[in-house]
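Hi,

Here is the structure I promised to hand over. Please look through it first, then read my notes below.

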Amino acid sequence: MRHWFVVILAGAAAACGRPDVAAIRQSDLAGAEQAFRANVAAIHQRDAEAYLGHYLDSPDLMVVSGDTVQRGYMPFAEARRGDNAWPDTLIAGEPILDWLAPGVVYGVYPYTVVERGDTSRGWSERVLVKTAGGWKAAVTSRIDRLNQ
């Protein structure tokens, strides 16, 4: 009889030690979606510091645009702070999110942007990581559509 008690206790302890992957996934996706929306809101508000707060402050930040790849938060932040230009209009579609691992989410959303009278459309993508300071983009890219 004592043997069964030990088996049940061991099973309960093992079950309590397993992470609830579905709950982690759902929580991560909700956090990443909120980060996407806050990032777009910072652009609409033309708030450089709020905008920059959504990116990983690390030399490992990757910024991909057109035919360039830039690495590192400092050059990215300096460029943003040194440029007062913001899109005249940004229409961001619903983000499509894919959970990659605990604390890592890939996301992409369609956009239409008007800058100085020119309209472009495309996709903006991010790899977001969960940090002590919230969700941050570790990789960001803008993919303009050709033949609009």
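**What I found**

The protein chain has 4 helices and 7 strands. Both are DSSP runs, numbered from the N terminus: helices are H or I with at least four residues, strands are E with at least two. From the N terminus on, the order is α-α-α-β-β-α-β-β-β-β-β.

This is a predicted model, where local features need pLDDT of at least 70, side-chain atom pairs count only at pLDDT 80 or more, and totals for chains, interfaces and linings use all residues. Residues are numbered from 1 along each chain as its sequence is written, and side-chain values use heavy atoms, leaving out hydrogens and water.

The chain has 148 residues, and 33% of them count as buried. Buried means under 20% relative accessible area, with a 1.4 Å probe and protein chains only.

Two residues to look up:

- **Histidine 54.** It sits in the loop between α3 (48–52) and β1 (62–65). Its relative accessible area is 17%, so histidine 54 is buried. Its side chain reaches the backbone oxygen of alanine 50 at 3.5 Å.
- **Serine 124.** Find it in strand β6 (residues 118–131). Serine 124 is buried because its relative accessible area is 7%. Glycine 107 is 17 residues away in sequence and 8.3 Å away in space, C-alpha to C-alpha. Leaving aside neighbours within four places in sequence, serine 124 is in contact with Gly107, Val108, Tyr109, Tyr111 and Ser141.

Best wishes

Key
Buried < 20%, exposed > 50% of the residue type's maximum accessible area, 1.4 Å probe, protein only. Polar contact = N/O pair within 3.5 Å; in protein donor to acceptor, adjacent residues only side chain to side chain. Contact = heavy atoms within 4.5 Å.
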